[in-house]
Amino acid sequence: MRAWPRSIRVRMLALSVVAGMVALVLAAVAATGILTRVVTDGIDRRLDAQIALLASSVRADGRIDAARLAAVRPALEAGPGWDWRIAGPGGVTASDTFLLAPDEGPVRHHDRPRTRRGRGPDGAPLHAREVVLATGGGPVVLSAAAPRGIVERPIRDAVAPLLTLLALLIVLLAVAAVVQVFYGLRPLRAIERAIVAVRDGRADAVPEDQPAELRPLAEELNALVRANGAALAAARQSAANLAHALKTPVAALALELRDDPPRAHLVDRIDATLRHHLARARDRVVGRRPDTDIAEAAGALAATLRKLSGGRVAIDTAIAPGLHAAIEPGDFDELLGNLLDNAVRHAAGRVDVRGQAIAGGVRLCVEDDGPGIAPDARQRALAPGVRLDERGEGHGFGLAIVRELSELYGGRLELATGAAGGLLVTVILPRG
């Protein structure tokens with residue numbers, strides 16, 4: 001079974017077309033019926049007048065007054081197909097071309113004209129009126145007939161232009177429906193743009209000055225935005241509270257381990273992480289929109305890792321100046337830092353960093369010329385704490401952190417094989 005179109009615009013236009021076609025058919029049927037009745041009534045009145053003339057030529061005993069019939073005969077024979085007949089006890093008198101066969105069976109008296117339809121011997125359709133008079137000599141049947149074409153031709157002549165007019169009216173209504181649909185759906189497109197603005201951080205709410213039918217939708221969307229904002233603020237506040245609670249124990253631990261440089265270094269990293277998350281929580285509380293110049297940040301990180309690698313790995317960056325992503329600078333440093341750290345550790349001698357704008361976002365690619373990751377192992381490499389290569393340093397959290405950060409800002413992470421056979425990591429982030 002074919003599915004109903006999911007587009008509201010297509011549905012409304014399809015309903016308009018179907019309704020127009022149905023209306024056209026119904027109008028044609030109704031117009032034909034009305035015109036048929038009007039034309040037929042006019043023909044019947046004319047035939048009844050002829051029957052009245054025929055009745056004036058019938059005497060009380062049922063015999064025909066020949067002189068009277070000769071006097072009214074020109075009025076009875078108005079043209080080809082206009083025929084008459086008098087059938088009584090004395091025989092049948094009729095026009096030369098009368099074709100309607102008489103009724104079979106006994107003749108029953110009815111003094112009001114009735115309609116008869118039939119065909120003559122040549123098959124031509126006939127429309128006739130008939131009345132039976134009671135006379136002293138017996139019943140007399142008076143009949144007046146007209147060609148059926150007299151009825152059908154005016155109907156055809158009237159219905160054809162009427163249907164043409166109705167078809168033009170349907171076309172105009174269809175054009176009006178198209179305009180109405182596109183104009184009527186404009187508020188929905190405006191709400192869509194407002195939601196995109198809220199998602200991108202360019203607005204805080206959807207304008208509630210909407211048509212009456214859409215105002216409840218805008219109000220519910222704003223209530224949802226406020227509820228999500230409140231839940232997110234509560235989560236960030238909890239993270240800030242946890243970071244604050246850990247600051248003092250970490251500071252005490254740093255004092256205890258100041259004479260143990262390796263452990264003191266780990267404590268310093270913990271303290272830096274706590275400060276970073278506290279800063280991010282404060283930024284969110286004051287409502288600052290996340291934004292990072294990724295060309296500038298990537299250049300600084302690449303320079304640092306070149307020094308740390310001792311020149312063993314060449315790191316090339318190709319990012320358009322002024323390209324911004326909607327991510328906190330600290331989070332971007334952590335994201336790209338993990339990617340560059342992994343790439344430098346596994347590269348044979350080269351790492352390429354590329355960034356470019358795409359529709360609605362930013363694409364960041366980090367590629368090395370190392371051994372890469374087999375396709376069947378890539379999903380496992382994204383799990384926290386999993387190391388595919390046990391040689392060297394590392395704890396197996398790098399790619400997991402990158403994926404978590406990219407998804408936190410509405411982006412995504414993709415792993416593939418680069419042109420040099422190494423790992424190609426692609427991160428899609430919303431544009432700042």
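## The open sheet

Five strands make up an open sheet in this predicted model, in the order S7-S9-S10-S12-S11 and with mixed pairing. Strands here are DSSP E runs of at least two residues, helices are H or I runs of at least four, and both are numbered from the N terminus; two strands pair if DSSP finds at least two bridges between them. S7 (314-319) and S11 (412-417) sit at the edges with a single partner strand each, so one side of each has no neighbour in the sheet. On average, neighbouring strands are turned by 15 degrees against each other, direction ignored.

Inside the sheet, S9 (residues 350-358) and S10 (residues 361-368) pair in the antiparallel sense over eight bridges. Asp-352 stands opposite Glu-367 in S10.

## Helices on the sheet

H8 (residues 329-346) packs on the sheet and touches S7, S9, S10 and S12 (423-430), where contact means heavy atoms within 4.5 Å. The direction of H8 makes about 25 degrees with that of S10; axes are lines fitted to C-alpha atoms, for helices over the stretch in contact, and angles run from 0 to 180 degrees between N-to-C directions. H7 (residues 294-308) lies across S7 and S10, at about 175 degrees to S7.

## The H1 and H3 pair

H1 (residues 8-56) and H3 (residues 148-184) pack at about 160 degrees, with axes 9 Å apart.

## Ground rules

Residues are numbered from 1 along each chain as its sequence is written. Local features need pLDDT of at least 70 and side-chain atom pairs count only at pLDDT 80 or more, while totals for chains, interfaces and linings use all residues, and side-chain values use heavy atoms, leaving out hydrogens and water.
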